[in-house]
Each structure stands twice: as C-alpha cells, then as structure tokens.
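Q: I have a model open and would like to learn how to read a few of its features. Where do we begin?

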Amino acid sequence: MNYFRTALLLAAMTALFMGLGFFIGGQSGMMIAFVIAAGMNLFSYWNSDKMVLRMHHAVEANERQAPELFAMVRELAARADLPMPKVYLIDNPQPNAFATGRNPQNAAVAATTGLLNSLSREEVAGVMAHELAHVKNHDTLIMTITATIAGAISMLANFAFFFGGNRDNNNPLGFVGVIVMMIVAPMAAMLVQMAISRTREYAADRMGAEICGNPIWLASALDKIAGGAARIHNPDAERNPATAHMFIINPLSGERMDNLFSTHPNTENRIRALREMASGGGGGARFEGPVRADPPGPWGRRGTGTGGTRADGPASRGPWG
C-alpha cells in the first residue's frame, strides 16, 4: 500500500509539472517542460549523492578511521542482504543521519559526529538500520526525483511571470491565472514531496527495526535525535532545506508538528508505532527487549543499558571515543 501511494504521489507531481508547462506555453511549453525534467532527473540520477554529501561537508571514512561504525554498517548491510555502502562522517554537533545513492550498489550512509557522541551503540545501530532500509527500498532515488521535480516546478513558476501572459500560449485565465499558478504550483509540489517523504519514513522505521532486530533501539534513538535537533542549529541544513527530507529527523528549526508542512511524521507517532511493533501490536513478530546473549547483536553486548525497554545507558562509542 505504501508503494502504491508513493506511485500515485509521484504521478501527481509529474502531472503537476507537465500541467504547469502546458499552462505557460501550451503544447510546446509542455514538451519543453518534459525535456527540462528529463535532463534534470538524468543529472540527478548520476550525481545527486555527490551533491548532497558535498552540501553537508561529509567526509568518507574507512575502516581504520571508524572501525566500530564501519563494522556495524557492514554487519547490518549483510543482514539486510545489501552491498556494503560507503560510510561518511559529518562534523556537526546536531545528532542526525541520512542515506543517499541511486541504487544499493552505489549507496552511502552518513552520520554526524553529534549522533555518534550522544547515542549508545544500540541506538546508532537502529539509526543505521533505518538508513539501510531506505537504501533497500530505493527511497533515496525516489526522494531525489521528487526533489528535482519540485525544484523544476518552482523554476517554471518563476518563468510563468515572464512568459505566461502571452495570449498565444493557450492560457484561458490570462495574467491573473499566471499569478495564481506561481503561488499554487510550488506549494502543491511541496505538499506532494512531503507526503512522499512521510510515507517512506514509516516504512523505513519498520524495516530498520527488523534489520537491527529491536524496534526499541530505533525508538530510543528517534527520541534523542529529535531532542538534539530541536536544540542544536544545523547551518548546512538551513542553507540547503531541499535536503531536509533525507535526514532521519528534520534538521531544520521550526518543523515540529505532523502537519501538511512537515517533511517528517511526528516523532511521537513514529516511536509509538515502533513500541507497538516491539510488543507484537504491529502485525509482526514480538520483540523481547534487548537481543539475547546467544546470538548477540552485530555490535556485541557492550553498553546495552536497555533494561528491556530503552538503550539509554552509558554509550559504547567507537570512532567517536
């Protein structure tokens, strides 16, 4: 159902883009809009991961620089039946993380130093599993496409001011209609983009919990990350708000409500769903607190501190301490 909804929302975004092109320049305008969209999507398909990582000053880490994080991601990727992604570190005090890449063979996961410094080993595992779920679900490509089309819609809306009032462009509403479209089209695109983002976050939460083996770890991580994101400013994210939907928690200030203008579901709703999953109320297997000693989790038994409910004990930190 989530994939069907995502497909419908992507179709709506595409239709909005093509409709705006027709509104501006008739059939020729629609064809020009199509060519622009195709070119932007082709460029984004091959280069979006590099662009996003550069925007946030992410630095690729190797196994020597981040041994425990690297080993954790490798084991989680194996559990998810995924190739080993590249691992990036972002020198930023705000706890957060995201995944990018056009497919699982060209994927990357990035974590901030704030995430690694403030979360326990198990919570970090939950976050990395969530990001790997995005990779497995091909969400990183979907998010790139929607962001690209949304940007193109905004660009065309600006063009409408200069070219949309021509009486030969088959626009039945004239200049007033152009003004309306300049306002409505970007807002509609933003709403569709956010709806897609929120749909995929719930799916990634569930799959991430299955990958790491304990929904409570991810639930506890979301609680801590949300608190940290609310307190700690992220200047790179503020300069590049179009990438906000890629993070596990919205890195921008002032986005704390689960409404039409939020890029993420309400964090409390996500935590509640994960706790229901852990107790067997989410339609899946029941999870009984921390992973049993035999077999251990992929990150060992150090620093669990869960007490069966939370992973908020003393953190066992790898490359971060």
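**Reading the model**

A: This is a predicted model. Begin with a helix pair: α7 crosses α9 in a left-handed sense.

Q: Which residues of α7 and α9 make the contact?

A: From α7 come P215, I216, L218, A219, L222, D223 and A226. From α9 come T267, R270, I271, L274, R275, M277 and A278.

Q: How do the residues of the contact of α7 with α9 divide into nonpolar, polar and charged?

A: The contact of α7 with α9 has 10 nonpolar residues, one polar and three charged.

Q: What describes two packed helices?

A: The general idea is to give the angle between the two axes together with the distance between those axes. Here, helix α7 covers residues 215–231 and helix α9 covers residues 267–278. They pack at an angle of about 165°, and their axes are 8 Å apart. Because an angle over 145 degrees counts as roughly antiparallel, α7 is roughly antiparallel to α9.

Q: What describes a pair of aromatic rings?

A: Two values are used: how far apart the ring centres are, and the angle of the planes. This structure holds one aromatic pair. The centres of the F98 and F247 rings are 5.0 Å apart and their planes are at 65°, so the pair is edge-to-face. The cut-off behind that label is a plane angle over 60 degrees.

Q: Where in the chain do F98 and F247 sit?

A: F98 is in strand β3 (residues 97–100), while F247 is in the loop between α8 (235–239) and α9. The two are 149 residues apart, and the pair links distant parts of the chain.

Q: Are F98 and F247 buried or exposed?

A: Both F98 and F247 are buried. For the chain as a whole, buried residues make up 50% of the 321 residues.

Q: What about R121: buried or exposed?

A: R121 belongs to helix α4, residues 121–136. Its relative accessibility is 6%, so R121 counts as buried; the cut-off is under 20%. R121 and W217 are 96 residues apart in sequence, yet their C-alpha atoms are 9.3 Å apart in space.

Q: How many helices and strands does the chain have?

A: There are nine helices and four strands. Read from the N terminus, the order of elements is α-β-α-β-β-β-α-α-α-α-α-α-α.

Q: What share of the contacts with a separation of 6 or more is between residues 24 or more positions apart?

A: Such pairs account for 70% of those contacts in the chain.

Definitions and conventions
Residues numbered from 1 in each chain as written. Predicted model: local features only at pLDDT ≥ 70, side-chain atom pairs only at ≥ 80, totals over all residues. Heavy atoms only, no water. Axes fitted to C-alpha atoms, helices over the stretch in contact; angles between N-to-C directions. Parallel < 35°, antiparallel > 145°, perpendicular 65-115°, else oblique. Left-handed = near helix turned anticlockwise from the far one by under 90°. Contact = heavy atoms within 4.5 Å. Nonpolar A, V, L, I, M, F, W, Y, C, P; charged D, E, K, R; others polar. Phe/Tyr/Trp six-rings, centres within 6.5 Å; stacked < 30°, edge-to-face > 60°. Buried < 20%, exposed > 50% of the residue type's maximum accessible area, 1.4 Å probe, protein only.
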